[in-house]
Amino acid sequence: MTEQSDPLLQPWTGPLGAPPFARIGDDQFLRAVTTSIAWHKAELDAICEQVAPATFENTIAALERSGEPLARVRRLFWALSSAKGTLAIREAEADISARLSAHAVAISHNDQLAARVFAVHASRHESGLTPEQVRLVEDSHASFLRGGAALTRAGKDRFAAIEARLSALAVQFGQNVLAATNAWVLDLEQNELEGLPSAICEAAAARAAAKGLQDRYHITLDRTDLEAFLTFSKRRDLREALWRAFTARCDGDQHDNWPIIAEMLALRRERAVLLGYADHAHYALADSMAHDPAAASALMRQLWAPGKRRAAQEAAELQALIDSEGGDVRLAPWDWRFYAEQVRRTRYALDTAAAAEHLRLDAVRQAAFDTAGRLYGLSFYRRADIEGYHPDVGAWEVKDSNGSTVGLLFTDYLARPEKHGGAWMGSLRVQEAMDGDVRPIVYLVANFAAAPPPDRGATRLSIDEARTLFHEFGHALHGLLSRVTYPSQSGTAVARDFVEFPSKFMENWIVSPQVLADLGMPEDLISAIREAEAYGQGFATVELIGCALVDLAIHQNPDAQIDPRAFVEAQLDALGMPRAVGLRHRFPYFTHIFDGGYSAAYYSYAWSEALDADAFEAFVATGDIFDPDLASRFREEILAAGNSRDPMASFQAFLGRAPDGTALMRARHLLDA
Ligand SMILES: [Zn+2]
């Protein structure tokens, strides 16, 4: 294959700019990455070799324009490596990751290039630049500094070595989690399914059948399976077995992640100190909305004590329930969801299995589309002529109220073993308008357990899963409705602790009476769901904020070498972590912070939720959660603005004031805890 014939190196010419998935060989990525890195280097050399003094246009804008083929290959590779994960892709992952990381370091350590960026930065206020251009210059300058541009030669060498090692460790961490998750299954017979809703049994049977096993039922270590089984199974011994297998992943076994964690923490700390930061948390948060770990911790601590008090009340109630049933046991982590479900059923008359009957995947996806229609005037058209990377992937053309194309959306909602766990949104192409109008291509991935063929769209979701679908859809809208000039300011390229704001915000609609009614739910079920929303906030708050606090603490630890397992345990003791709740993510499989971008930034979920709670209260206060004025302000000031201005400025432009920190306490029903 030549460069001219390699589809990975050519611009995508499919409908709406879609990539030619069917023509892409999974074993071609390494070569395409290598070639497109070489092309990018040549572009960067041309920028450096200019005789004219550095200007915004010939340096910063030229950098924005450079590396387009590389961006295409990189975005495509990350999309596939998370959702397709063939052997060829898995084998190439570490190598590609290493090359991309080395290339990024080489750019920051290109002295000529850095000097040009620094020159534009020094005169940014006297160059007649727009505010978004000034921000772009400042972000570019900061990114060169964070990449080690100001270090001595020896410092740069050490920085490069650290980056290379961190990138390799992150890949290994993620692959360990995937391997450990797939290495275990709860293999059940029909008489062991007591309590499980039929949807879960059908999905479990389909999984066993796919392996050629009849009359067997396979529950996996995917979080969706875990949550469902712990909620419904009446078999305490099996709940315990599943919970123990889930929480033991990568903890001392053949996929042990503790040594990787220890090494990553030491390297992150060394890198931060090399760059002049106190520790990794200060380094990681320098470009966040919180700015400082102390501000992030303060918000987490505000939630922690009331969350723990509420969790203690919940635990007492659940223990009373166990006692009243004559169960001679102490409430354990594998009991919590099961008995909480009993409370929801008895106190709020909430029948979650009945709710799931109305939460069919196709219907919930359509409800999300309809919500975007009512809020922003968008409509979604199935494009059967556009192929995805798997038969489960659907392609949708998104149109604005005036009929113009907003962008292309791929949806990939069903679990497959080769997929990474969880749910996420990504971009194959970002919106920008430097040299003409470029429309975004966005994808959504989840791991909902599929109903058996042929009608996989009839897959039934829990309320939490429907919420996840709306959450990721909120990220998609952020990418789709972006309206900025420069690609690096596009859509979701905002601070970590701001990026979860549009997604958290979107979750409000799936539990709104209007959307639930549109899904065909009777009124008593809707009110049961809404009343039960207030229940369980102790558990939910503690498992989330506990992760955020330990993540912040471990990345501020001043010791060069620590035993991370002992550190985490000591932190949990000091916090008084309720052991029957436990962390939402134990550290050996905490991919957000060891194989994602959320190190020292897991607090971002709660931080963004505080913005969301405040924003949604404004909608509720109008008496119409589809209020057209507020919706159009949200679209313009939050979604369209991307990272073209400071996130606080965007929030203030939306509501005309700074965020109100107490809204989150109200949203989590913790004010009286
Ligand atoms: Zn999110």
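Tutor: This is a predicted model, and the domain assignment of the protein chain gives domain 1 (15-108 + 110-146), domain 2 (184-230), domain 3 (249-348 + 535-600) and domain 4 (349-521 + 603-673).

Student: What separates the centres of domain 1 and domain 3?

Tutor: Taken over C-alpha atoms, those two centres are 35 Å apart.

Student: And how many helices and strands does the protein chain have?

Tutor: There are 27 helices and seven strands in the protein chain, and its C-alpha atoms fill a box of roughly 85 × 60 × 55 Å along the principal axes.

Student: What radius of gyration would a compact globule have with 673 residues, and what does the protein chain have?

Tutor: A compact globule with 673 residues would have a radius of gyration near 26 Å, and the protein chain has 25 Å, which agrees with that expectation. Buried residues make up 46% of the 673 residues, and among contacts between residues at least 6 apart in sequence, 74% join residues at least 24 apart.

Student: Which residues touch the most other members of the largest nonpolar core?

Tutor: That core has 172 residues, and the ones that touch the most other members are M300, I545, A548, Y603 and A606. Helix α21 (residues 537-554) gives the largest share of this core, with ten residues. There is also a second, separate core of 15 residues, which includes L113, A114, V117 and L136.

Student: Let me pick A606, then: what is it in contact with?

Tutor: Leaving aside neighbours within four places in sequence, A606 is in contact with L299, M300, L303, L544, I545 and A548.

Student: What about helix α24, how many of its residues are buried?

Tutor: In α24, 14 of the 18 residues are buried, so this helix is largely enclosed by the rest of the structure. Just after α24, G623 takes a positive phi of about 85°.

Student: Is A600 buried or exposed?

Tutor: A600 is buried, because 27 other C-beta atoms lie within 10 Å, and the cut-off for a buried residue is 20 or more.

Student: And what is the phi of C250?

Tutor: C250, which is not a glycine either, has a positive phi of about 60°. C250 is found in the loop between α10 (236-247) and α11 (258-274), and this residue is buried, with 25 other C-beta atoms within 10 Å.

Student: Changing topic, where is R645?

Tutor: R645 lies in the loop between α25 (628-639) and α26 (647-655). With 18 C-beta neighbours inside 10 Å, R645 counts as partly exposed.

Student: Which residues is R645 in contact with?

Tutor: Apart from neighbours within four places in sequence, R645 is in contact with P131, E132, R135 and S650. As for D187, that residue and R645 are 458 residues apart along the chain, and their C-alpha atoms are separated by 52 Å.

Methods: Residues numbered from 1 in each chain as written. Predicted model: local features only at pLDDT ≥ 70, side-chain atom pairs only at ≥ 80, totals over all residues. Domains from an automatic or database assignment. Helix = DSSP H or I, 4+ residues; strand = E, 2+ residues; numbered from the N terminus. Buried ≥ 20, exposed ≤ 12 C-beta atoms within 10 Å, placed from the backbone. Core = buried A, V, L, I, M, F, W, Y, C linked by C-beta atoms within 7 Å. Contact = placed C-beta atoms within 7 Å. Rg over C-alpha atoms; globule rule 2.2 N^0.38 Å.
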